[in-house]
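Have the model open in a viewer while you read. These notes start with a sheet and its helices, then turn to another chain and its interface.

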Amino acid sequence: MNANIPNKVKTDIDGDKDNEIEKHDVDLPELEKDIANKLTDKFDTKIKVIFIKKNRIKVDTNKNNILEIAKFINQNLKFDHVESVSGVDYPDQNEIEVVYHLGSYDPSISNQILALSTRTIRETTPHPGFDRTRLPSLRDIFYSVEFHERECFEMLGVYFENHPDNRRLLLPEDWADLPPLRKDFKIKGR
Amino acid sequence: MLKDLLIPQNANAFVSKLGDILVKAVDQPLGYAINWGRIWSLWPVHIETACCSVEFGAASGPRYDVERFGIIEAFGSLRQCDLVVVQGTITRKMAPRLRLVYDQMPDPKYVIAMGACAITGGLYFDSYNVLPGIDGVLPVDVYVPGCPPRPETLIQGCMLLQEKIKRMNIR
Amino acid sequence: MVLKLPPGIKLEKEDDKIMTLNVGPQHPGSGHMRIIVKIDGDYIVSCDPDPGYVHRGEEKMAEYRNYITNIPHLERPVIHDSCNILYPYCLGVEEILGIEVPERAKYVRVIASELNRCVYTLYWLAIYGIFLGHSTMFMWPAGDRELLIDLLEKLSGARVTHAYFVPGGVRNDMPANFEDVCLRQINYFEKRIKQYDSIFYSNPILKSRTINTGVLGKKDAIRLGSTGSVLRASGVDFDIRKKEPYDVYDNLDFQTNVLKSGDSYARSKLPWLDMLESCRIIRNALEKIPKSGSVRVKLKPNPKAGNVETYKRVESGRGSLGMHIISNGKPEPYRVKISVGSFRNLICLPYLLKGEKLGNMPSVYWSLNYWPVEADR
């Protein structure tokens, strides 16, 4: 991804600090559009660009393609770690969305966040780990996803296949209620 | 009166009565001495439960310095401690551990509930993982309100506890 | 012979020499979490962090409160860094409500958040002193911290839970004469923390306990997705204030500190260097701040946003702190996800402790700039 980036974005990692302020004069969506175009060129119908804002791109994909797309993003687009994994429950559409916020420590795109979202089936009576609410784990591609996915599993009941360690992380050991971040879990007095 | 009791059938009652008299004679001065010792050696156990531990740390710092009042900063081994300062929210995961810590401490032991969360649940009154106060877990001696309490408030709470210990019956 | 061991300590097998040891939650070297370590003699074979003792369900509660009433409880995870944890929330809400913040408010925010970063780092340093058995290093930062807390108390009215940032600016203007007092305090403070070098960072005992323990290489730091001082101590030049400047950080003159070695010593030294840099930022911001003007855009009583989502991140004392806010046209946010540096750095712990001596565990663990309450949320 070298040709399309404006020259102002310098790729120095240990270099002089005087040039750093100039990096941010890049015009708005050039870089973002470039990244989104690369994704749509490669995967065209498998991927849907939700929005392109300053420094933020969100793409939506099917859960069958997510491994392939994540691998491409990691290897060709230089996104190397996961900032956050947020699960969102949509009871109206009967789906649970999982949004991976991918970031990069590569100096050329370190201000970018690529939100990669995917959806899975939501069960009305969940049985975490044993029902159809499943997604493939991205741990082999982004190692940093490990604890985030464990958290997502206990909070929303999304089971990540091939995750080596799907144990409980934050909730008490005797938690037997619904996963708390589902919308049908009501808190006291509300 | 005592003479009436002085028959073999009433030996038990006599001994216990004698004991009462002895205790009454010694209780006041001895109890004062023991309580005096307890007041100036309150050692809090090192268990932080939530964010009030920041202000607890500040209270042990140089500006507030609870050590002036005979309460040293949090100590490692719970076998040598006699004070639990519950520093904030008790979650459902922490509650059994807190009780375990309390049970392992030697008598006498005192509890200060620090912060709104430890008293009633505070800001987290409707959270799914927070106990509404620690009254169901530990017997509390002094409540220190605030979210978080200022170190001065904590020091005042400790002094109230000392006042309470001074008036306690040692039996 | 059957070995009798105290509860909490158990052998894997009767004849095995690998022992499982629970460190925490009641332990002077653990904080509010449990670390399950397996040790072979004095060496750690594997380690399994068990957080969640302060999990209070902030994210669930945020779905039941509107954008303004969310402020006080969202700052509770890090009460001593409350300005920085409210920063991404305010930025996000401003974006989804379409509010433009006045220029003066931006500078006030930067000053408050840098002061708060120093307050956080000093507390962290004080506890690091306790963990290493260095009592002076508890007393000095805990005392110097009060100076900055005084400043923030003047600014916001509260010692630690400021609730000073609101969507649309800051809650109230700086009090009269604050600039002079702040400048004087900062000058003294900078002189003061420079002395830490001689008592703490040049201390041969500290060096022997931290140099070459828990080494995190540059590649691994990137792979594990670590952030903040842990990342910069491993030689990656990444600071959101530089890379993705929010508010007025692009007008201010400062630099990112990067250390190469990636051991506990570098990780413990980096926040201290950042504090010196914060002093520079504050001085610079006090020069450039507009002398008058409003500091807050008043919102409507129950602001509503459309169907938008946003992810904002700032550089807090513990690294990148992001908030993912989804709104669906109601006064309450549909979902608030708090992505915190402590939680992201936690994944480094099993990696760093493997093969380390048990005695080095506290120094490695606390050098990760970890605040358990924040990680659990």
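Which strands of chain A does helix α3 (residues 146-156) lie across? Helix α3 of chain A lies across β3 and β4 of chain A and runs at about 10° to β3(A). This is a predicted model: local features need pLDDT of at least 70, side-chain atom pairs count only at pLDDT 80 or more, and totals for chains, interfaces and linings use all residues. Residues are numbered from 1 along each chain as its sequence is written, while chains are lettered from A and ligands numbered from 1 in the order in which they are written.

Helices (H or I, at least four residues) and strands (E, at least two) are DSSP runs, numbered from the N terminus. Angles run from 0 to 180 degrees between N-to-C directions, with axes fitted to C-alpha atoms, for helices over the stretch in contact. Contact means C-beta atoms, placed from the backbone, within 7 Å.

The open sheet has 5 strands in the order β1-β2-β5-β4-β3 (chain A), with mixed pairing; strands pair if DSSP finds at least two bridges between them. β1 and β3 (81-90) of chain A are the edge strands. Inside the sheet, β2(A) and β5(A) run parallel, joined by 6 bridges, and A:D60 sits opposite A:S117 in β5(A).

Now for α2(A), which lies across β1, β2, β4 and β5 of chain A at about 170° to β5(A). Its residues A:I66, A:I69, A:A70 and A:I73 are buried (20 or more other C-beta atoms within 10 Å of a residue's own; exposed is 12 or fewer, partly exposed in between). Just past the helix, A:K78 takes a positive phi of about 65°.

Chain B holds 6 helices and 3 strands. Some numbers for it:

| Item | Value |
|---|---|
| Radius of gyration of chain B (over C-alpha atoms) | 20 Å |
| C-alpha box of chain B, along the principal axes | roughly 65 × 35 × 25 Å |

At the interface, 32 residues of chain B are in contact with 28 residues of chain C. α3(B) gives the most to chain B's side, with 4 residues.

Methods
Two residues are in contact if their C-beta atoms, placed from the backbone, lie within 7 Å. The radius of gyration is taken over C-alpha atoms; the globule rule is 2.2 Å times the number of residues to the power 0.38.
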